[in-house]
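Have the view open as you read, and take the points in order.

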Amino acid sequence: MQEAIAVSDTVRFTVNGEPRCWQGEPMARLLDVLRYELGLTGTKEGCGEGECGACTVLLDGEPVCACLVPMLQCEGRAVQTIEGLGGADRLEPVQRAFVEAGGVQCGACTPGLVLTAWALLQREPRPDRARMREALAGNLCRCTGYERILRALEHTIAARQGGGAPAAGTGEATP
Amino acid sequence: MSRAFRPRSLQEAVALLGDPELGAVPVAGCTDLMVLDHAMRRSHRAVVDLLGLAELRGIRWAEGGGSAGGPVVEIGAASTFSAIRADPLVRMHLPILAEAAATIGAWQIQNRATIGGNLANASPAADSAPVLLALDAELVLVGPAGERVVPYRSFHLGYRKTLLAPGELIARIRVPVPVPGTRQRFHKVGTRQAQAISKVVLAMCCRREPDGLLRGVRFGVGSVAPVPRRLRGAEQACEGRPAGAATAERAAAAAAAEVHPIDDVRSTAAYRREVLARLVRRMVLELAADAG
């Protein structure tokens, strides 16, 4: 009976829409596979214990810490990393808003923050600041003080509603 | 290399975990396990993945489902805290459980961490624990010897020690639905509002009878003893008494006297004792204030 349900060492999943067939230690961290085997280094390692959110990726659309996901549990699932969201030539609106609002400084937290923010705005079109703070609470940033990150989200929402009018800027006055 | 198993039923999972030759550990959300695995460079001979088991998922209403005979909300042990905090039954009948779920880690952790894992991991600071003590929950355990139901208040035997037998799992958590008018309170004190491990975490349930007296008072507390525990002294100080300053003072003093906090990396024993007393006092005073 045991052999019948033993998992082979092969994990079939998708990364940014591309089917992958991976073989290795079933308890390997998704984070290490993404960075060191697939070369997707946009996903950062911060604390390695689920505290900082730098390694946030979307697992079936839900933000998770890739440092805490074993490959065993990726079978049949869809992983999205920052590389799958948009590159320099085709930024998502929320990415552009991070740039324009000054929500990026050293950049270590940025991929995780952008993915969490994007996932939030996918689910809730108009979160208020309290809701944004709650949703982003698992993504630590030691540079920006968060204010410009929150503004980037507000700009994204405003641009969507105003037919794409770019409301982003680095001015200190909060709209 | 670890051998990994993805059982198709709870029965298969129990058979695998009960096999001493295999030496398998159960895994669910992995939010505690993976931290230690990595920090200690530790590996497992075999793991049994519980996340995919439908029998451990879902939150439902069950009439007469508890030992006391009343209705219960039955929560599959592999329910994530995201599922729990969003669940309409939990939000309506067990608001302090929804509140606690929303304070456990942040979004990323809540998407993965399970309530069964939170209990089985048996940290004295587990935030769902005080709530389940205050709500007097029961656990349905499944193991090689079959199924048994135990009151959650008897689950923790000592620091990180539970009454789970080898190969035994938490399958479901049964929470008696509080009678209408039951007051529920939850308060967590950490270094920040989100993503913090508690310095003190307190939950309370009680009724305020038409005569103004408090009945059915239960306090559950975390991070002030080797295990999550009830505050029997504080409960006795409130039971059958009017909500008010005198009762609040007695309950606060009783709570401070009956816990055994320690100094550690997150806080000090003295701070925890003082904060606990203040939280107990405040909760009792709030009962007096919101007289219905």
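1. Let us begin with Arg272(B). Its relative accessibility is 2%, so Arg272(B) counts as buried, given that the limit for that label is under 20%. Its side chain meets that of Asp264(B) in a salt bridge, with 3.2 Å from N to O. Asp264(B) has 32% relative accessibility and therefore counts as partly exposed. Please keep in mind that this is a predicted model.

2. Which residues are joined into one network by salt bridges that share partners? They are Arg60(B), Glu74(B), Glu147(B), Arg172(B) and Arg174(B). Over all chains, the structure holds 28 salt bridges.

3. One link of this kind deserves a visit: Glu74(B) forms a salt bridge with Arg174(B), and their closest N and O atoms are 2.8 Å apart. The two residues are 100 residues apart, so do look for them in distant parts of the chain, with Glu74(B) in strand E5 and Arg174(B) in strand E10 of chain B. Both Glu74(B) and Arg174(B) are buried.

4. Strand E5 (residues 72-76) and strand E10 (residues 169-176) of chain B are antiparallel and share five bridges. If you want a place to check this by eye, Val72(B) stands opposite Pro176(B) in E10(B).

5. Now widen the view to the sheet around them. Five strands of chain B make an open sheet in the order E4-E5-E10-E6-E7, with antiparallel pairing. Helix H1 (residues 10-17) of chain B lies across strand E6 (138-143) and E10 of chain B, and runs at about 130° to E10(B).

6. Chain B has another open sheet to look at, with four strands in the order E11-E12-E13-E14 and antiparallel pairing. Strand E11 (183-189) and strand E14 (229-230) of chain B are its edge strands, each pairing on one side only. Helix H11 (residues 269-289) of chain B packs on this sheet, where it touches E11, strand E12 (200-208) and E13 of chain B. The direction of H11 makes about 25° with that of E12(B).

7. At the E14 end, two bridges join strand E13 (residues 214-222) of chain B to E14(B), and the two run antiparallel. Gly220(B) stands opposite Arg230(B) in E14(B). Arg230(B) also forms a salt bridge with Glu235(B), the closest N and O atoms being 2.7 Å apart.

8. Finally, turn to chain A and helix H3 (residues 93-101), where Val94(A), Gln95(A), Ala97(A), Phe98(A) and Ala101(A) are buried. Seen down the axis of H3(A), these buried residues fall within an arc of 160°, so they line one face of the helix. Helix H4 (110-123) and helix H6 (147-161) of chain A are among what covers the buried residues of H3(A). After H3(A) comes Gly102(A), with a positive phi near 75°.

Terms used: Residues numbered from 1 in each chain as written. Chains lettered and ligands numbered in written order. Predicted model: local features only at pLDDT ≥ 70, side-chain atom pairs only at ≥ 80, totals over all residues. Heavy atoms only, no water. Pairing = 2+ DSSP bridges. Contact = heavy atoms within 4.5 Å. Axes fitted to C-alpha atoms, helices over the stretch in contact; angles between N-to-C directions. Buried < 20%, exposed > 50% of the residue type's maximum accessible area, 1.4 Å probe, protein only. Arc of directions from axis to C-beta. Salt bridge = Lys/Arg side-chain N within 4 Å of Asp/Glu carboxyl O.
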